[in-house]
Structure formats: C-alpha cells, structure tokens
Amino acid sequence: MRYKAHFQMSTTDLFGCVSPWLILQEVNDCVGWEFDIDGVGIERMLEELGATWMMGQMVLENFAPIRPGMEVEIELLPRELHGVGILRRAHLWDGDLERARVTLNMLPVYFKSRRVVPPAELSRLWLTPDQSGGTPIGWEQFPEHMELAEEILVRRHMCDVNGHMTAFQYLNYICEAAGYWGETLHLIQRMQVDFKAEFMPGEILKLYCGEHQGIRYISGVHEDGRLGFRASVSLAEEETPTALEWIHEMVK
Amino acid sequence: MEKLYDIFITGDETDYFHYVSPTSYQKIAEAANYHATKRAGLEMHRMMKEMDATWMTASMHLEICEDIFDPGPAEVYVDPMVINRVVITQCLEVRREGKPIARCEINTMSVNAKTRKIIPPEKILEHYGIPVIQGTGSMARLVMPEDMELLETICVRYSDCDLNQHLRAYRYTDYVCDAAEYWAGAERKKGRHLYIEYSGECRAKNLLYLYKKDDGAGGTYVKGVREDGRDSFKAYFVVE
C-alpha cells in the first residue's frame with residue numbers, strides 16, 4: 001500500500017532535512033496502520049495476547065535528502081515472516097525518485113514477560129495471509145575495539161508506552177555518534193540497528209564507538225554490561241546542501 | 001475560529017503513559033502555526049531569501065482541556081493571527097469530535113536570521129501585502145521566584161536543533177516536564193497549563209543550566225540559564 005508522508009517545516013533539522021528518526025517514525029506509523037488492518041494492531045494484541053510490537057532490527061538507506069513540502073509517498077511492501085520476526089520493507093518516493101528505503105524487523109513481544117510471542121500463537125490473529133520470499137536482515141560483525149564516547153541518563157520523555165526508550169531516540173544518539181550532524185551533513189548511505197535489550201527510565205546508557213574500513217560502529221551498553229543495541233553507519237561522501245542553499249534553490 | 005485542517009494523532013506521538021503529552025500538543029501547535037502563517041501569505045523560505053528573516057517562537061501558553069489516551073483523529077481550529085507589539089499571536093484549538101482537547105496561544109517573532117535582531121512584524125506583513133490586525137495583548141511575562149535550585153545541566157545536542165540552528169522550542173517542554181516530574185512515579189499526572197517564554201537561544205554543544213522551584217500548589221517554575229549567565233527560557237507548568 002502507499003501512504004502520503006507529512007513532513008512539517010517545524011520538524012526539520014539544522015540542515016532543513018527530515019532527520020532519520022522522523023523517517024523511521026513515519027514508516028513505523030504506516031506499519032502500525034497495516035498491523036491494524038491485518039488484525040494485529042497493538043490494541044488487539046494487548047487485549048488478546050497481552051502482547052505488543054517492538055522493533056528488532058532496522059535498516060535505513062537515504063539516497064537523497066527529504067525536505068518538508070515534498071510530496072513523499074511511502075510504499076509499504078507486503079509483510080514477510082522470518083522466524084519470529086515480521087519484516088516490513090518501505091520505499092519512500094518523491095515522484096519517480098526513491099529518496100529512502102527502510103526495512104523493519106518487528107517482533108511481537110509479551111508485554112509483561114518481554115518474551116517473544118511464538119508465530120503459532122500469533123497466527124490466529126492474522127486476518128491476511130503472509131507473503132513468502134525476501135531475505136532477512138543479517139547480523140553484523142563488530143570491531144573488537146570500541147571506545148566509550150558518552151553516558152546518557154534515560155529519561156521518561158525519551159520513552160514510550162512500552163516503558164522503554166524509543167527506537168527513534170536511539171537513532172538520534174547513533175546519528176550524533178556517527179558524525180551525521182556537524183559543520184556539514186552527509187546523508188546516511190546505510191544504517192543498520194539491531195535492538196537487543198531495552199533501556200528503561202533511570203538507567204544509564206553507555207555509548208561506545210568504533211570505526212573499521214570507513215564504517216562507524218556504535219553500541220549502547222547497559223551498566224551491567226548487557227548489550228542494548230548496536231549499529232553500523234556509513235555516510236555518503238558528498239555534502240548535502242545546507243538549509244540556506246536549499247531555501248535559495250526553492251525560491252528560484 | 002476557523003477550521004485549519006484535520007490531523008491524526010498516532011501512537012508514536014503518545015508518551016510513556018500512552019497519553020498525548022504537552023510536547024506533542026506543542027508540535028501540533030507549531031505545525032498549525034506554520035501552516036496558518038503560510039496560508040496567510042508568509043512563506044518562510046521566501047522570508048529568508050528576500051528579507052533574511054525567520055520565525056522564532058517567543059512564548060506559548062498551552063492549556064490541556066481533556067486527557068487524550070487513544071490515538072485517533074482530531075481537528076485544528078485557528079483564530080486570525082494578530083500583532084501584539086513585536087510578536088505575531090496565533091490562538092488555536094485542537095478538537096476531537098467537536099470538543100476542545102487543547103488550546104494554545106503561540107507567539108512568534110520575526111528575526112533577522114544572521115544578526116538575530118527582531119524585525120517588527122508590521123514590516124514583514126507590509127512587505128507581503130498582508131493586512132495588519134492589532135491584538136489586545138499576548139501572554140503576560142512570567143516572573144520567576146528568586147530562590148530556585150539548580151536541578152541539572154544539559155548539553156544541547158545537534159539532534160535537538162532546528163532550521164534556526166538552535167534548540168527547538170518543543171524540546172524545552174520535555175525538559176520542563178521532566179523537571180516538574182510530570183512522568184515520575186507509577187501514576188500519571190494530569191498536565192493542565194504550560195506557560196513558556198523563550199529569551200535566549202541555545203546552540204548545539206552549549207550548556208543549559210536548569211533551575212526549578214515547586215510552588216506547593218501543583219505548579220512548578222523552571223528556568224534555563226545559559227553558560228554566559230543569560231536566561232534562556234522561563235516556564236510555569238501546572239499539574240492537577
């Protein structure tokens with residue numbers, strides 16, 4: 001299905017671009033609407049299984065800047081079942097130009113125990129059939145040496161109804177650690193985030209960074225050493241036009 | 001009031017307790033303000049190109065009339081924008097099924113994007129041939145108590161900055177809500193009024209010192225002070 005994306009001027013970043021977290025949020029909203037149609041919306045999941053959806057993995061490729069005012073359409077491909085996860089692939093179109101691509105691996109999780117719901121248990125809720133095909137998102141190898149870059153206190157404004165820090169918030173920290181924002185902006189060629197163990201309010205998130213063959217690696221670790229998430233980011237070489245350059249171009 | 005547009009409040013816009021938070025309302029208000037301003041003929045990119053001018057939020061009063069738990073549709077209504085001295089005031093209402101769920105007065109300044117000097121709103125409106133309507137006054141200035149205590153220091157992040165190269169207005173609201181312990185504890189508190197006044201911008205990597213004081217009657221004063229000692233913002237948040 002195709003959805004119109006609504007990127008507001010008031011939500012752009014320093015460079016007048018739609019930030020990766022906002023792209024993810026918009027795609028996640030579309031996935032949520034389709035889950036409702038498919039019979040596995042959060043309300044029904046909670047009511048019938050005591051379960052919710054959490055993000056297991058995410059891949060973002062940003063081919064061209066997305067700016068407010070663009071008529072961006074999100075094309076959501078049919079869902080794919082891979083093990084316990086449901087894969088959703090989205091293409092963000094501006095006319096014929098594909099500006100970004102997002103792949104999400106969504107996990108059904110029991111709200112209280114935080115254990116993954118077995119596919120057989122979930123199967124009775126689906127109102128539409130699964131699609132086969134496609135390949136799952138792989139798991140990445142990380143460099144051995146990573147340096148502690150920052151410690152972050154998890155606050156409730158960063159958390160959602162699942163009680164944990166939102167995936168969108170992770171993306172901001174990952175982007176900052178990867179050097180996405182700075183004097184110049186370089187689009188994300190590819191970013192993969194594997195979400196492992198959630199961060200709850202009051203916890204400290206220790207952010208570690210490393211680099212290998214031009215790829216930035218970032219991991220979020222709990223105080224007790226458990227891995228919370230890990231991410232790899234490669235940035236495009238060319239600089240993205242600044243907000244001012246974009247505005248001048250628009251007015252022409 | 002005139003209907004501006006329909007919106008859909010998604011689950012992603014709800015908070016830890018699954019309610020629409022003051023921050024989410026502020027995002028709705030800012031988007032509506034931008035849209036209403038643009039509809040009146042003030043396009044930000046033209047203002048930037050032709051007058052080196054941009055909009056900055058000067059102050060806001062948000063009143064949450066009804067707690068909204070469920071994501072779903074809502075409508076945004078606006079009054080005509082008016083001038084109150086150096087600010088343009090936009091009053092708007094968010095309604096669900098015709099019933100107000102939040103009201104907001106948002107005051108914006110037009111500022112030279114380079115020098116950060118205020119541009120009188122009449123000058124902008126005249127430039128674009130838009131009729132000037134004088135208002136009867138905007139939100140009163142906030143007076144902070146003197147004995148406020150330092151709560152914490154925040155380092156401004158790039159991800160929290162906007163097109164104006166400074167900390168975006170709604171992020172301050174998160175800081176205020178956290179400082180007022182709006183989300184603390186197992187029981188959700190009901191936010192009712194948020195008054196916030198922005199006086200000095202913070203840029204990425206700047207430090208922002210947060211001070212607070214409870215008034216003992218459900219209200220919390222919060223202010224942010226910059227590294228140079230100047231006030232960054234003042235806020236008063238009332239919960240039930």
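Predicted model: local features only at pLDDT ≥ 70, side-chain atom pairs only at ≥ 80, totals over all residues.
Let's begin with chain A, which has five helices and 11 strands. Its radius of gyration is 18 Å, close to the 18 Å that the globule rule gives for 252 residues, so chain A is as compact as a globular protein of that length. Along the principal axes, the C-alpha atoms of chain A fill a box of roughly 55 × 45 × 35 Å. Of its 252 residues, 42% count as buried. Taking the contacts in chain A between residues at least 6 apart in sequence, 72% join residues at least 24 apart.

Chain B contains four helices and 12 strands. With 240 residues, chain B has a radius of gyration of 18 Å, close to the 18 Å from the globule rule, so it too is as compact as a globular protein of its length. The C-alpha trace of chain B spans about 55 × 50 × 35 Å along its principal axes. Buried residues make up 45% of the 240 in chain B. For contacts in chain B with a separation of 6 or more, 72% come from residues 24 or more positions apart.

## Where chain A meets chain B

The contact between the chains involves 26 residues of chain B and 29 residues of chain A. On the chain B side, α1 (22-39), α2 and α4 each supply at least two residues. Which of these elements gives the most to the side that touches chain A? That is α2(B), with five residues. Sorted by class, the side of chain B that touches chain A has 10 nonpolar, eight polar and eight charged residues.

One helix pair across the two chains deserves a look of its own. Helix α5 (residues 243-251) of chain A packs with helix α2 (residues 44-51) of chain B at an angle of about 100 degrees, and their axes are 9 Å apart. This angle makes α5(A) roughly perpendicular to α2(B). From α5(A), the contact is made by I247(A), H248(A), M250(A) and V251(A), while α2(B) brings H45(B), R46(B), M48(B) and K49(B). The residues of this helix contact divide into four nonpolar, two polar and two charged.

## Two domains in chain B

Chain B is divided into domain 1 (2-127) and domain 2 (149-239). The centres of these domains, taken over C-alpha atoms, are separated by 19 Å. Between them, 21 residues of domain 1 of chain B are in contact with 17 residues of domain 2 of chain B.

Looking at the domain 1 side, α1 and β2 (53-64) of chain B each supply at least two residues. The largest share, 10 residues, comes from β2(B). By class, the side of domain 1 that touches domain 2 has nine nonpolar, seven polar and five charged residues.

Is T57(B) buried or exposed? T57(B) counts as buried because 23 C-beta neighbours lie inside 10 Å. Leaving aside neighbours within four places in sequence, T57(B) is in contact with I106(B), T108(B), A169(B) and Y198(B). T57(B) and R96(B), 39 residues apart in sequence, have their C-alpha atoms 26 Å apart in space.

## The enclosed helix α4(B)

A169(B), one of the contacts of T57(B), is also among the buried residues of α4(B). Just after α4(B), E181(B) takes a positive phi of about 55 degrees.

## Backbone angles to check

Most residues other than glycine have a negative phi.

E97(B) has a positive phi near 50 degrees and is not a glycine. E97(B) lies in the loop between β5 (87-96) and β6 (99-112) of chain B, and is exposed, with 9 other C-beta atoms within 10 Å. Q165(B), which is not a glycine either, has a positive phi of about 70 degrees. Q165(B) sits in the loop between β8 (149-155) and α4 of chain B. With 15 other C-beta atoms within 10 Å, Q165(B) is partly exposed.

Key:
Residues numbered from 1 in each chain as written. Chains lettered and ligands numbered in written order. Rg over C-alpha atoms; globule rule 2.2 N^0.38 Å. Buried ≥ 20, exposed ≤ 12 C-beta atoms within 10 Å, placed from the backbone. Contact = placed C-beta atoms within 7 Å. Axes fitted to C-alpha atoms, helices over the stretch in contact; angles between N-to-C directions. Parallel < 35°, antiparallel > 145°, perpendicular 65-115°, else oblique. Nonpolar A, V, L, I, M, F, W, Y, C, P; charged D, E, K, R; others polar. Domains from an automatic or database assignment.
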